[in-house]
Amino acid sequence: MSLQDKVAIVTGSGAGLGLAYAQELAAQGAAVVVNDVDQAHADAAVAAIESAGGRAVAVVAPVGSTETAEQLVEAAVSSFGRLDILVTNAGILRDRSLLKMSDDDFDAVINVHLKGTFTCVRAAYKHFKTEGVAGRIVCIGSPTGQRGNFGQTNYAAAKAGIVGMVRTWALEMRRAGVSVNAVIPVAATAMTKTVPYFQKAVEADEQGEPMPDFFRKGLGFGTAQDAAGVVAFLSSDAVEGITGQVIGAGGDRLQIWSHPEPVVQEFHDGGWDYTTLQTQGREILQANLQSVGESMPELPAELQPTS
């Protein structure tokens, strides 16, 4: 089930998680179209893949527009003769609490994450259908899109929307034999390096040492490479018939996120009018409040940040 002779596009793959995905796909035999907005990062990613014996080309362009999406597909076909895999990873952050978030903050994140996923998937799927390719699409989500996070209205909306699109596309692409799934990675990135809670995990990683089990097993938090294997697996022929799934990857943990389902159902003759809801409805809701955000366990003493 190697990816030999397959061709993949990975958006936002000049560094971080995207680079790890691109390198893992190349290690499994795929040729890769690297995408980034930074020429130096894109060139370095291509050089790293080629130095390891892989094949890669770079497309330097911001995702979001139809033009960039079509350029990526064209680069795959013109450089390597085909397209089999799309990984939509590109993203930006513009974190602000609600009253401080500008229209530009919101629009920029939605354009890259949500619209960029839409345009790239549409372009790739058009190619798959035209050429009769049973392609593989992997869209990158986030725990924030699943549970919410303070200061990330734009990011949460985009990542939740990506999962909604994946479930819809799984229905639309099934007859064409195309699998589309979402991955929810939890890994050390440039962003998590700034969070004191993860200091000891990041320090261990940077020193080439294994992260403590508290992070790898307890939190499912690991390196970018830990999530890359799941992305490569979902890009392979082994996932035929597995589609519309949301899969968490991080550290030593693998998760399958459920599709939203009601946790409580109550019935009232004649329907739930305002007066009934003031009494019975309120009691039902209060007894079944669902959590929001991520709840992190207290760090053990030996893993407390030192500065």
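**Legends to close-up views of the predicted protein chain**

**Figure 1. Overview of the protein chain.** Of the contacts in the protein chain between residues at least 6 apart in sequence, 70% join residues at least 24 apart. The model shown is a predicted one. The protein chain contains 10 helices and eight strands. Its radius of gyration is 21 Å, close to the 19 Å given by the globule rule for 307 residues, so the protein chain is as compact as a globular protein of that length.

Figure 2. How much of the protein chain counts as buried? The share is 47% of the 307 residues. The accessible surface of the protein chain comes to about 15,700 Å², and 52% of it belongs to carbon and sulfur atoms. Side chains of opposite charge can pair when their charged atoms come close. The structure holds seven salt bridges, and the next views show some of these pairs.

**Figure 3. The salt bridge between arginine 96 and aspartate 105.** The side chains of arginine 96 and aspartate 105 meet in a salt bridge, with a distance of 4.0 Å from N to O. Which of the two partners is buried, and which is partly exposed? Arginine 96 has a relative accessibility of 39% and therefore counts as partly exposed. Aspartate 105, in contrast, counts as buried because its relative accessibility is 11%, which is under the 20% limit for buried residues.

**Figure 4. The salt bridge between arginine 216 and aspartate 226.** In this view the side chains of arginine 216 and aspartate 226 form a salt bridge of 2.8 Å, N to O. Arginine 216 belongs to helix H8 (residues 213-219) and aspartate 226 to helix H9 (residues 224-234), so the pair ties together parts that are 10 residues apart in sequence. Arginine 216 counts as buried, at 15% relative accessibility, whereas aspartate 226 is partly exposed, with a relative accessible area of 24%.

Figure 5. Lysine 217 forms a salt bridge with aspartate 252, and the closest N and O atoms of the pair are 3.1 Å apart. Distant parts of the chain are linked here: lysine 217 lies in helix H8, and aspartate 252 lies in the loop between strand S7 (246-250) and strand S8 (253-257), 35 residues apart. Aspartate 252 has a relative accessibility of 43% and counts as partly exposed.

**Figure 6. Glycine 244 and its contacts.** Glycine 244 has its place in the loop between H9 and S7. At 4% relative accessibility, glycine 244 counts as buried. Which residues are in contact with glycine 244, leaving aside its neighbours within four places in sequence? These are Val166, Arg167, Ala170, Val180, Asn181 and His259. Glycine 244 and methionine 165 are 79 residues apart in sequence, and their C-alpha atoms are 9.2 Å apart in space.

**Figure 7. Aspartate 237 in the loop between H9 and S7.** Aspartate 237 is placed in the loop between H9 and S7. Aspartate 237 counts as partly exposed, at 37% relative accessibility. Its C-alpha atom is separated by 38 Å from that of proline 297, which is 60 residues away along the chain.

**Figure 8. Proline 262 and threonine 275.** Proline 262 is found in the loop between S8 and helix H10 (274-287), and threonine 275 is found in helix H10. Are these residues buried or exposed? Proline 262 counts as exposed at 60% relative accessibility, and threonine 275 counts as exposed at 58%. The two residues are 13 apart along the chain, and 23 Å separates their C-alpha atoms. From threonine 275 to valine 73 the separation is 202 residues in sequence and 57 Å in space, C-alpha to C-alpha.

**Figure 9. Aspartate 5 before the strand S1.** Aspartate 5 is placed in the segment before strand S1 (7-10). Although aspartate 5 is not a glycine, it has a positive phi of about 75°. Aspartate 5 is exposed, with a relative accessible area of 53%.

Methods: Residues are numbered from 1 along each chain as its sequence is written. This is a predicted model: local features need pLDDT of at least 70, side-chain atom pairs count only at pLDDT 80 or more; totals for chains, interfaces and linings use all residues. Side-chain values use heavy atoms; hydrogens and water are left out. Helices (H or I, at least four residues) and strands (E, at least two) are DSSP runs, numbered from the N terminus. The radius of gyration is taken over C-alpha atoms; the globule rule is 2.2 Å times the number of residues to the power 0.38. Buried means under 20% relative accessible area, exposed over 50%, partly exposed in between (1.4 Å probe, protein chains only). Contact means heavy atoms within 4.5 Å. Accessible areas come from the Shrake-Rupley method with a 1.4 Å probe; for residues, only the protein chains shown count as cover.
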